[in-house]
Structure formats: C-alpha cells, structure tokens
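Dear colleague,

I am handing over the structure below for your attention. My findings follow directly after it.

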Amino acid sequence: MSTEQPNFAGPLSAAVAHLCTRLQPQVSPRTAAGFREVLRRLGAPLQVAVAGRIKSGKSTLVNALIGRRVAPTDVGECTRLVTRFQYGTVDRVELVFFDGRKQVLPFDAAGMIPKDLDVDFDKVSHLEAYLTNAVLRDLTVIDTPGLGSLDLASVKRTEQLLGAAKHRKDDDSEETDDDELDETSRNAVAGAEAVLYVVTQGVRADDQQALAAFTAATASREAGPVNAIAVLNKADTITPESVAGSDGDVWKAASIIAEKQAATLKPRVADVIPVIGLLAESAESGGFTSADADALKTLSQLDDATWETMLMSADIFTTWDCDVPVGTRVRLLEKLDLYGIRSAVDALRADPELTAGALRRRLLESSGLARVRARLDGVFRARADGIKAAAALASVTALAQASGDAGERQRVHDAIEVLLQKPEAHQLRLLEALTLVASGAVDMPEDLADEVLRVGSTADVGEQLGLKGRPHKELSAYALERAGWWRSFASFGATPAQSRVAHVVHRSYFLIWQQLKATGGA
C-alpha cells in the first residue's frame, strides 16, 4: 500500500478530503466507493479538457500548451479518441480498452502519438499519455474529439464525454434514450474540472449547447464562468477589412470578434481570447529551427514588390521563383502560415541581426499564447483549490442524494454545512453564488449580475473591482464602498434568493478591502 501523501491544491481541497475520509465509515459501501474516487481526484492535478468543433485546431493548441508536438493534428483514428496528457516519470502512451485492458503504444518517428492504430479501434476507450513535462505537474490536459465530425462514431464518443448526447435527437425527432455515459467516459467527465473551449470565427448554436452540456457535466453542476474559458483560434485567418473598427489590423479585428463571441457565450465562459495555435505550436514545441530562420532571412532580402506579390496566396508563395527552395517554403507554410511568415520577415527587416532564438520568441509573442496561458493561470491555476473543492463537494452531494438511506443523506448534508460555515470556505460560497447567478437560478438585474460575475470569475483584485491598474488607495476605497452597498441591498430590497447572493458578495468585497488594507491600501 502506498504511503505517498496526496498533493492537494490548497486548504479547501484538503478540507473536503478530510470530510470524505471522516464520512466513509458512516455511509454505505457504494457511497464510500464514490468518496474514494472523489479523494483520488482531489489529490490529482487540475484537469482541463480542450473541446470544440472538428478542425478548430484543438490538438494544435494542446501541443502549444504542453510545449511539445505530441498530439496528432492530422485526421486519423487517434484524433477520434479522448487523450489524457498527464505527468509521468517516463514518456509513454497507453491504449485503454473498454474491457479495462491496456496496451503500450509506441511514439512515431517524429515523437508523436501515431494517428492510426494497429488494433480493433471499436474496442478502444481512450488514450493515456504520460510525459516528463513540467507543465503537466499541476495540470492534466484532456484532448477531446471534435464536434461536427462526419464520423458518427467520433461524434458519439465526443457526445458521451461531453454529456451532450441528451441534447441530440434521432431521425424521428424523439429524444434519444442513449444518454448514459460508458464507465470510462463517465470517469473522464467526472475528472475534468475545467474546460478550454476552442472556437473559430463563427460561434454556432451547437457550440453554445455543447459548451453548456460540457461545463455542467465536468463540474457536476450548472454551467458558468468559474470553470470555462474560450479561445478564438486561427485569428490570422480573419480578414481585418471585414471587421468594422479594425483599421486593417488582424489582431485588432480578432479582439473585436472575440469580444462579440464573449457576449454570445456569456455567461458560459469567463473570457474569449484570440490566439494563433499553429504559430504557437511551432514556436513553443521546437518546430521552428535555425534552418527556418535562415530561409526567412533570405526571404527578407527580397524587394518589396516581389515580397508582397508572394504573400498574396499560398500558391504564389510556393511557386514564385526565388532563392529559397520550394520544399523549404512549403515547410514554412506548414509551420507558420502566411501570417507567421510575414511577421518573421517584418521582424528581420527591422533587425537583420536577430538570432534564430530571438526570432522564435518574436513569433511566440505574435501567436497570443502568452495571454491564453495568463488567463489559464488567472481563471484555473490560481483558483484550482476552489474549483476542485467545489467540484468534489458537488460529487459528494450527488453521491449522497443517490443513496436510498435518508439518514446517510442527512449526515452528509450536515457535514457539508459545517464545512461551509468556516471562514476559509468563503471561496466556495462565492463560486456557488456565481454559479446561481450565471445559470439564471437566481435572477438579478443585469448590472448586478455582471458585478457578481466579475467578482467571482478572477483572482486578480483589480479585475474583481473592475479597476485594473488603478491606484491601491482607490481600490481599497471602492472595495469598502461596494461592501457597504451589497450589505444594504441584502437587507433592503433584495428577494430572499438575491439576499443570499448579496451577503456573499458583501463578504467578498470586505475580504478584498482587508487584503488591500493589510498591504497598505488604506
């Protein structure tokens, strides 16, 4: 028996784990088994699932986030499977079959998971990839098949994982009865505590539907911005002239579209962030080489008229007569696309002495990956303790409610209430309040609902107050002012349900004020 102590995300996760351990002897064997699974998940890294439509660039983004080109991006059998990327002391990939068997899968010649399998694909449940990768020490990334595939089996697997099968209708327009998850998919859903949803230029109705189902299924609770952010991938494919107010700038156009998508997906996600996944993958995972830099330096020496002509299309770029071989230009397109190539050449023309390493860093900056990672840190990593604890408590509650023993249900309920009364459990109260407002379970005026979402959707004090970058003293005064306002609203004018939320928001502002005061803000 292992004596290794679990590595909890923080005190809240540890408190919920203690609750599960203490309750195990007081509940039925079946409920106790569920509690053991909750304990296992509490001790594991935060698990983020990457979801979206087919060809949205999910796997490319996964590679960029991990910093290693390991997930296959070309369509094949492996792209139709759920793949869990987690930390391991030895790099290996395992096929997991529906009957529980496991088979080690060798990496291909390029060090990637092979896209095709030499097994009976229909018997395979999912893939487990273990990588000696520092990023995965505190974050497990789950790559999911794409929605909208013409491959019905792939659609089914994804819907099972996302819990979206219940939203689909059969040919007779009757609700399908087959909305039960298989055991492996159920475990995957239960284990994914947050979601990074990938969209391209157009958000469709089924994107919103799948995101709603997925965030609800992963956290075992109503959807909300607590555990979901979205990225607008392939930002470089946007035609800026088609976006009013972009002034012909690709990134400005992408930001405008991302803001509109955020409004469309609100309150399902905390934010929508533009990114160029292909550029990020090539720059971050070792795909960009010194030979690529040398080729780009040669291209940077072309006259302006020739260069602008070559950039008109991929076909012209690869077929135009110049000193860089066609094969090299094809590889540059595969790694950077025209936007990345233009960005690199612009950088080299501005500074011809740029080294290959410095040019790679410029390309990485141009990809937008840093902002995605910062948002992941702000929404997910910084709040991993609260996210994991809230998801675990939701699972504990569901396990108790499924019990046929009324006494057992009451014991679990009472234990949870005692935990939630502790001062350190305020973050759980805030996440609960945010979820109630985001899901519409508690109806609030739009401006107040927006304020609740702002306070509850980030760990950054400036962003919580809506005063990012303002002086410390101003933040402190505003926090105290809003604390008083929400206390008054809770006592006068609020409905009972609104009052419950208002008390939590009042407490949040008061704690922010105390934090600022302790650091010299008052």
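Apart from its neighbours within four places in sequence, Gly 57 is in contact with Asn 233 and Lys 234, where contact means heavy atoms within 4.5 Å. Please note that this is a predicted model, in which local features need pLDDT of at least 70 and side-chain atom pairs count only at pLDDT 80 or more, while totals for chains, interfaces and linings use all residues. Residues are numbered from 1 along each chain as its sequence is written, and side-chain values use heavy atoms, with hydrogens and water left out.

Gly 57 belongs to the loop between E1 and H3; helices (H or I, at least four residues) and strands (E, at least two) are DSSP runs, numbered from the N terminus. With a relative accessibility of 17%, Gly 57 counts as buried. The term buried stands for under 20% relative accessible area, exposed for over 50%, and partly exposed for values in between (1.4 Å probe, protein chains only). From C-alpha to C-alpha, Gly 57 and Lys 234 are 7.7 Å apart in space, although 177 residues apart in sequence.

Ser 56 is also placed in the loop between strand E1 (46–52) and H3. Ser 56 is buried, its relative accessible area being 2%. Its contacts, leaving aside neighbours within four places in sequence, are Val 198, Thr 200, Asn 233 and Lys 234.

Lys 234 itself is found in the loop between strand E8 (228–232) and helix H7 (250–265). Its relative accessibility of 32% makes Lys 234 partly exposed. Lys 234 is not a glycine, yet has a positive phi of about 60 degrees. Most residues other than glycine have a negative phi. Asp 247, in the loop between E8 and H7, likewise has a positive phi, near 55 degrees, in a residue other than glycine. At 68% relative accessibility, Asp 247 counts as exposed.

**The protein as a whole**

The secondary structure comes to 21 helices and nine strands. Of the 522 residues in the protein, 52% are buried. Among contacts between residues at least 6 apart in sequence, 73% join residues at least 24 apart. Arg 22 lies in helix H1 (residues 11–23) and, at 41% relative accessibility, counts as partly exposed.

Which residues of helix H9 (residues 290–300) are buried? They are Asp 292, Ala 293, Ala 295, Leu 296, Leu 299 and Ser 300. Seen down the axis of H9, these buried residues fall within an arc of 160 degrees, so they line one face of the helix; the arc is that of the directions from the helix axis to the C-beta atoms. The cover over the buried residues of H9 includes helix H10 (304–310), helix H11 (314–319), helix H12 (326–350) and helix H13 (356–367).

A nonpolar core is a set of buried Ala, Val, Leu, Ile, Met, Phe, Trp, Tyr and Cys residues joined through side-chain atoms within 4.5 Å. The largest such core has 89 residues, of which Phe 85, Leu 196, Leu 296, Leu 299, Leu 359 and Phe 380 touch the most other members. H12 gives the most to this core, with ten residues.

Not counting residues up to four places away in sequence, Leu 359 touches Phe 288, Ala 293, Leu 296, Ala 344, Ala 347, Leu 348 and Leu 354. Leu 354 lies in the loop between H12 and H13 and counts as buried at 7% relative accessibility. With the same exclusion of residues up to four places away, Leu 354 touches Lys 297, Ala 347, Leu 348, Leu 359 and Arg 362. The C-alpha atoms of Leu 354 and Lys 297 are separated by 9.3 Å, with the two residues 57 apart along the chain.

**The contact of H3 with H8**

The contact between helix H3 (residues 58–66) and helix H8 (residues 277–284) is made by Thr 60, Asn 63 and Ala 64 of H3 and Gly 277, Leu 278, Ala 280, Glu 281 and Glu 284 of H8.

Yours sincerely

Terms used: Axes fitted to C-alpha atoms, helices over the stretch in contact; angles between N-to-C directions.
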